[in-house]
Amino acid sequence: VIANLFNYTLRSWRVTAKPSENTLADAFEQKSKQGLSELSWRDEIPKWRESEIRKLGAKKTLAELKSLFVQVTQDKFLAGAVHGDLHATNVLARLADGIVIDFEKVEMGMPIVFDPASLESGLFIDGFIGDPRPADAVLSSIADMYSAECFAKDGEPCHPGDRSAWYFDCVRQIRLQARQMELASYQYAAVLAFCFIRKACNTRDFSNEKGEGLSRETVRAMGFVIGERILEALASATKGKK
């Protein structure tokens, strides 16, 4: 379904994309100034979620993360149409077909790596709610997937018996498609980090939601940790490079 989503359903958007005039950092900065796009940074970390974010190990402020993002996104990108809200509940499966719904956030001239990044981060945010493991155990199980090295290859293996195996399988498919949408190394990884951080800073308060396993609030806090880890890894991998 994931392969067909990008190779058939959204193929025309990818093949008509063209190199941008500005850098990836500039594109996100422009959208952030406008404040009306899914590609704009959030203003702050929600106060009720920040304590959990810090308990899980994240240390940087939003301003520091934005600075790292700018540092690693100084290249031009493939610009085209993006769905803007491509998460699991906006992709319907019909046998092997991926059917897309909800086009109200479509934008033109945007980095086309945004859609696969939105899908991967959305699968994490929605897919691990209710997981019976502690948050740190889940983060540990997928840590290798968010190293700089992993973004340069086909992905990390995962034992089928691991509770995170479904996520590994989905992510490998998404990244196989995303790599074809880059004009420079790590562009997908940087945009993925942005998506994780933006979703983690969603201003809706889920604290009152009850249920077993990981809560929606906790999973969003975990998303911030992943976003921070990605940007730190990319900053280290690209240090000294033009």
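**Salt bridges, pocket and cavities: worked exercises**

Arg198 has a relative accessible area of 11% and is therefore buried (under 20%; exposed is over 50% and partly exposed lies in between, with a 1.4 Å probe and protein chains only). The model is predicted, so local features need pLDDT of at least 70 and side-chain atom pairs pLDDT 80 or more, while totals for chains, interfaces and linings use all residues. Residues are numbered from 1 along each chain as its sequence is written, and side-chain values use heavy atoms, without hydrogens and water.

**Exercise 1.** Determine which residue forms a salt bridge with Arg198, and which parts of the chain the pair ties together.

*Solution.* Step 1: the partner is Glu38, with the closest N and O atoms 3.5 Å apart (a salt bridge needs a Lys or Arg side-chain nitrogen within 4 Å of an Asp or Glu carboxyl oxygen). Step 2: Glu38 is in the loop between H3 and helix H4 (47-55), whereas Arg198 belongs to helix H9, so the contact ties together parts 160 residues apart in sequence (helices are DSSP runs of H or I with at least four residues, strands runs of E with at least two, numbered from the N terminus).

**Exercise 2.** Locate the salt bridge between Lys31 and Glu107, and state whether each residue is buried or exposed.

*Solution.* Step 1: the two side chains meet at 2.7 Å, N to O. Step 2: Lys31 is in helix H3 (residues 24-34) and Glu107 in strand E5 (residues 107-111), so placed that the pair links distant parts of the chain, 76 residues apart. Step 3: Lys31 counts as buried because its relative accessibility is 12%, and Glu107 is buried at 14%.

**Exercise 3.** Characterise the largest pocket by its volume, central residues and lining.

*Solution.* Step 1: its volume is about 310 Å³ (a pocket is an open set of points on a 1 Å grid over the protein atoms alone, where a 1.4 Å probe fits, with protein on both sides within 12 Å along at least five of seven lines; a cavity is a set from which the probe cannot get out; lining residues have an atom within 4 Å of a point). The volume is the space filled by probe spheres on points joined across faces, edges and corners. Step 2: of 17 lining residues, Asp85, His87, Lys199, Asn202 and Arg220 are the closest to the centre. Step 3: helix H6 (114-127), helix H9 (187-200) and helix H10 (216-237) each supply at least two lining residues, and H6 gives the largest share, five.

**Exercise 4.** Give the number of cavities of 30 Å³ or more, and describe the largest cavity.

*Solution.* Step 1: three such cavities are found. Step 2: the largest has a volume of about 80 Å³, and its lining includes Phe6, Trp13, Arg14 and Asp115. Step 3: helix H2 (11-15), strand E2 (76-82) and H6 each give two or more residues to this lining.

Definitions and conventions:
Ala, Val, Leu, Ile, Met, Phe, Trp, Tyr, Cys and Pro count as nonpolar, Asp, Glu, Lys and Arg as charged, and the others, Gly among them, as polar.
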